[in-house]
Amino acid sequence: MRTRLVLAALVALSTGCVSKGKFEAKTLEAEQLAKGLNDEKGARAAAEEKVKALEAERDALNARLTTSESRLTAGSAERRALEEKNAQLQALNDELARNTKQLSQAKAELEKKSSEYENLAQSLKQEISDGKIQLSELKGKMTVQLKDKILFASGSARVGKEGEDALAKIADALKTVQGKIIRVEGHTDDVPIGSAQFPTNWELSLARAMAVVRSLQDAGVDPTTLSAAGYGQYQPIAANDSPENRSLNRRIEIVLAPK
């Protein structure tokens with residue numbers, strides 16, 4: 001609108017006669033209007049720049065907001081996953097505690113020794129200490145393991161003096177056993193015997209088991225509870241690959257099991 005006024009003033013000046021004072025006044029007015037117009041243009045340009053800056057700032061804030069929301073969402077998901085994992089870990093710890101308790105109870109039950117075991121362990125304390133006899137009990141089944149050299153000479157099925165003394169001590173503890181069967185098991189290594197009396201290790205292992213049965217019976221053990229079995233070389237407790245391991249496999253086991 002100011003531009004129109006300036007033009008109107010110029011037209012008026014060009015079409016009519018005016019005084020010098022009026023002309024100067026109109027000129028000044030026109031200059032002021034032009035200056036105001038320029039100022040307005042400058043202000044409008046500055047305002048537009050400010051608007052652009054504000055819009056850029058708004059966009060940056062929106063971007064930051066979006067990023068913050070994404071991080072918050074990711075943080076929430078991570079926190080939930082962590083809470084679930086902690087819950088699973090706690091459940092596993094609880095299960096482990098229950099299993100550990102059950103295992104301890106089962107182990108205590110398995111390791112609970114019978115009166116027969118205690119009597120034998122006391123009777124054979126010296127032989128066990130010397131490593132001549134091993135005594136074990138598991139789930140009500142007790143095993144007395146004797147190395148063959150304690151009982152027999154090499155290739156023989158006759159119980160020697162040391163063996164008779166050990167079997168007498170064992171018999172004293174077995175005399176009072178109730179509700180058990182007593183099975184004497186003979187075992188050998190894998191070296192062939194090949195003698196006229198014992199063609200194979202089967203015959204040797206069984207003959208040795210029978211000799212121990214007779215010794216226990218003679219020492220007063222109820223014969224109705226006794227039995228004998230020969231396993232030869234076929235139930236080793238160690239590989240037959242060294243003299244020491246073969247010695248472990250040559251053994252007599254007296255097994256007490258519930259009827």
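User: Where should I start with this structure?

Analyst: With a definition: buried means under 20% relative accessible area, exposed means over 50%, and partly exposed lies in between (1.4 Å probe, protein chains only). This is a predicted model, in which local features need pLDDT of at least 70, side-chain atom pairs count only at pLDDT 80 or more, and totals for chains, interfaces and linings use all residues. Residues are numbered from 1 along each chain as its sequence is written, and side-chain values use heavy atoms, leaving out hydrogens and water.

User: Why is Arg250 called partly exposed?

Analyst: Arg250 has 26% relative accessibility, so it counts as partly exposed.

User: And is Asp148 buried or exposed?

Analyst: Asp148 has a relative accessible area of 9%, and 9% is under the 20% cut-off, so Asp148 is buried.

User: What makes Arg250 and Asp148 a salt bridge?

Analyst: A salt bridge needs a side-chain nitrogen of Lys or Arg within 4 Å of a carboxyl oxygen of Asp or Glu. Here the N to O distance is 3.3 Å, so the pair qualifies. The two residues are 102 residues apart in the chain. Asp148 and Arg250 also belong to a network of salt bridges with Asp189 and Arg208.

User: Why is helix α6 called oblique to helix α7?

Analyst: Their angle is about 60°. Under 35 degrees would be roughly parallel, over 145 roughly antiparallel, and 65 to 115 roughly perpendicular; the rest count as oblique. That makes α6 oblique to α7.

Definitions and conventions. Axes fitted to C-alpha atoms, helices over the stretch in contact; angles between N-to-C directions. Helix = DSSP H or I, 4+ residues; strand = E, 2+ residues; numbered from the N terminus.
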